[in-house]
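Let us take a walk through this structure together, one stop at a time. Please keep the sequence and the 3D view at hand.

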Amino acid sequence: VILAERIAVNLTALGFLLLGIATAAEWYRHRGRARAMLTLALIFLAVVAIIGRVQDMIGTSTALDALTIVCFLISGFFVLLFRAAFLPLSRPALRAAAAVLVISCVVGVADVTVFANSAQAITSILALELVAAWTIFTGEPIVRFWLDSRNLPSVQKARMRALSFGFTVLLAVVVVSALGGTALQNPAAVIATQLIALAVVPVVYVSFAPPALLRRMWRLGEEVELRRAIQDLVNFSPTRKVLAEKAVGWANRLLGADGAFIVDADGALLASSGIDADGVDRILSAREEQADGAINEDRGAVLVVALHLSDGVGAMGVKGGPFTPLFGSDEINQLEGYAVAVTAGLDRARVTERLAIIEKNKTQFLNLASHELRGPLTVVRGYVSMLEAGLLGPLNDRGRKAAPVMSAKVGEMNALIEQMIEAARLEDGRLMLRPAEADLCHIASAAVDSARVDGMREIVLECPDQPVLVQVDSERVQTILANLLSNAIKYSPNGSPVSCEVTIRGGVARVSVKDSGIGIAKEDLPILFTRFGRVSTPQTVHLPGTGLGLFLARQLARLHGGEITVDSVPERGSTFTLHLPQFAAPTLTG
Amino acid sequence: VEVTSIGSVRHQSIHILLIEDDGAIADMYRLQLEYDGYQVTIATTGENGFATMAAAHPDIVLLDLLLPDRSGFEIMADLGKEFPNHPPVVILSNYGEPTMIDKGLALGAIEYLVKSRVTPALISQKIPGWIEQAGRGQAEPDD
């Protein structure tokens, strides 16, 4: 049992010695204030353990006893300084802690010198004061770490909790040993407390230098959620700025980093979180001096990867904090994979932004052009109408032939301009319907009448006996039908008949415009209703048109809660059908 | 279709004030309107329009919206203040936005027409009707 006790005590001392050496080595590789404080705390703990072994071998002495107590107190004080290094304490609090340290050191030295031979009660009280001081030094950080870990990314959370837990166990061992006194001096109790203290070593070790496997395991829990969020971010962010801002937040979470940034291809800082522009500049200029991706910086590890954007090479970087795992190959892989997604997202957002600008310019151009065209057209149209009416003087035979052609062409031009204006209005969301109850047969009849005159073509109109009531903006519906009718005439150049049929069934009113013209190939159907979408074939290429008519017609139909469908066979003809919801008239009473 | 001179006789007593800064458009309307026998005065700015209004008491005003000194809407608003019994105003504009049309009508215009959609002959035909309509509208409150 004595041997087992000695082995346990020596093992624990060895464990703390190794822990001290490991932290010192970590600190040597990645320096930082916080890390230095933790290293010192653990080194002083290791010193305490070693002095204990030395005393075992060469016998105890007052000086060694005093040194043990002072080192022990200092180790606790450095735990508090470690906490203050990244969760700053106020100056008065630090001063008070330093005062407690000095007083406790005096008390501790007095305990083993002046009061060495005093009554048990006095030494116990003095020992209690020392334990209380150590409890204050480590207890406050233990609680603070635990509370602060709650909102951190999983890796940081796990590390902070490991440290908090490790020191809790150590504190418990110290307190129990001090309070237990002689009751705990039997070998079994010693072995138990030593083994418990030994168990703390790996827990504290992983808190500052977790192996890659452990880091990956810690991350696993939130990785799925993270991946989904990143996917959303990349696919749906409206602008690059928004995307970059969200992306740095996720980069921090992904790597458990303290700060992250994204720099655009032109070198401009797109977004940063937990790091300011100066910090980013410092990191990037330091990076230029060093070819390698991962570099050391005085405040912790930094990782920067390139973003191969369509405009050039940008950069994304993360900066570690006191609880960030030092970035290893696992983190580099993570960040590089993430960088690919962010690059794709930024490029997509760039395309979306450009498209939006082009769309806006197009609409503005359409708007301006059409309004500016109305002015001159007014004059041309006015004079042509006067010319035709003979108001400008008598015309000869050739003039009398030319005037109606001019008039018709000016009318066509006017219709096209009206279409352009209507399209621009539609795209701006400025188009307002003025719906009223109407008989679809009346509207169709008016549209057919004017198409007959304009197109100089016979059009057969078929209507049911009962009125077909709809709640529509009559002028707009007439525009839709005029469009379908003029297309039917235009694309059946052989003079074949055009028919227009109004029907109602199942609560849907329909107007079908049928021609026996050139028809539309199946593969061309999808572009029919797009803005400026025109089917270009040898038969149609010479026909005038803006490609706006059907786009407008369908949009107007949809604004009415309706639709336009098409059924076509090449060389046989087409049928375009306007569908509108039937108007459910309120029941009349009396 | 020949425009008969009968119209000329009938319209002789009607005086039209056309407030329009585009010379080509103004000349064109004048040609049609004078052909139809109306008396036409053209003002190229809002200020000129007001001066003519005070001096010549036109029977109807044809008003453009885009003028060098102030907008047609401002003129409409001022007309109501300075000439409570002003003649009917018909807005002739190249802006066809429903919001503009609503605003024009709300400010008291008797009609709002988009110039490129109507021929001078159509305007000429409608003028007596507009004057009559305005007369009825003004007479009613007095009764």
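B:His57 is exposed, with a relative accessible area of 59%; exposed means over 50%, buried under 20%, and partly exposed in between, using a 1.4 Å probe and protein chains only. You will find B:His57 in the loop between α3 and β3 of chain B. Its phi is near 45 degrees, a positive value in a residue other than glycine. Helices (H or I, at least four residues) and strands (E, at least two) are DSSP runs, numbered from the N terminus.

A word on what you are looking at: this is a predicted model, in which local features need pLDDT of at least 70 and side-chain atom pairs count only at pLDDT 80 or more, while totals for chains, interfaces and linings use all residues. Residues are numbered from 1 along each chain as its sequence is written, chains are lettered from A and ligands numbered from 1 in the order in which they are written, and side-chain values use heavy atoms, with hydrogens and water left out.

Now step back to chain B as a whole. Chain B has 6 helices and 5 strands, and from the N terminus on its elements run α-β-α-β-α-β-α-β-α-β-α. Of its 143 residues, 47% are buried. Contact means heavy atoms within 4.5 Å, and among contacts in chain B between residues at least 6 apart in sequence, 63% join residues at least 24 apart.

Next, the strands. In chain B, 5 strands form an open sheet in the order β2-β1-β3-β4-β5, with parallel pairing; two strands pair if DSSP finds at least two bridges between them. Why is one side of β2 and of β5 of chain B left without a neighbour in the sheet? Because β2 (39–43) and β5 (111–114) stand at the edges, each has a single partner strand. Neighbouring strands of this sheet are turned by 20 degrees against each other on average, direction ignored. For a closer look, follow β3 (residues 60–63) and β4 (residues 89–93) of chain B, which pair in the parallel sense over 3 bridges. In β4(B), B:Ile91 is the bridge partner of B:Leu63.

Helices lie across these strands. Helix α2 (residues 23–35) of chain B lies across β1 (15–19), β2, β3 and β4, running at about 170 degrees to β2(B). Axes are lines fitted to C-alpha atoms, for helices over the stretch in contact, and angles run from 0 to 180 degrees between N-to-C directions. Helix α4 (residues 72–82) of chain B lies across β3 and β4, running at about 170 degrees to β4(B).

Helix α4(B) also has a helix beside it. The axes of α3 (residues 46–56) of chain B and α4(B) come within 11 Å and cross at roughly 25 degrees. The two helices are therefore roughly parallel to each other, a label for angles under 35 degrees, with over 145 counting as roughly antiparallel, 65 to 115 as roughly perpendicular and the rest as oblique. On the α3(B) side, B:Gly46, B:Phe50 and B:Met53 meet B:Ile75, B:Asp78, B:Leu79 and B:Glu82 in α4(B).

Finally, visit chain A. A:Val200 sits in helix α7 (residues 187–208) and, at 3% relative accessibility, counts as buried. Leaving aside neighbours within four places in sequence, A:Val200 is in contact with A:Gly166, A:Val169 and A:Leu170.
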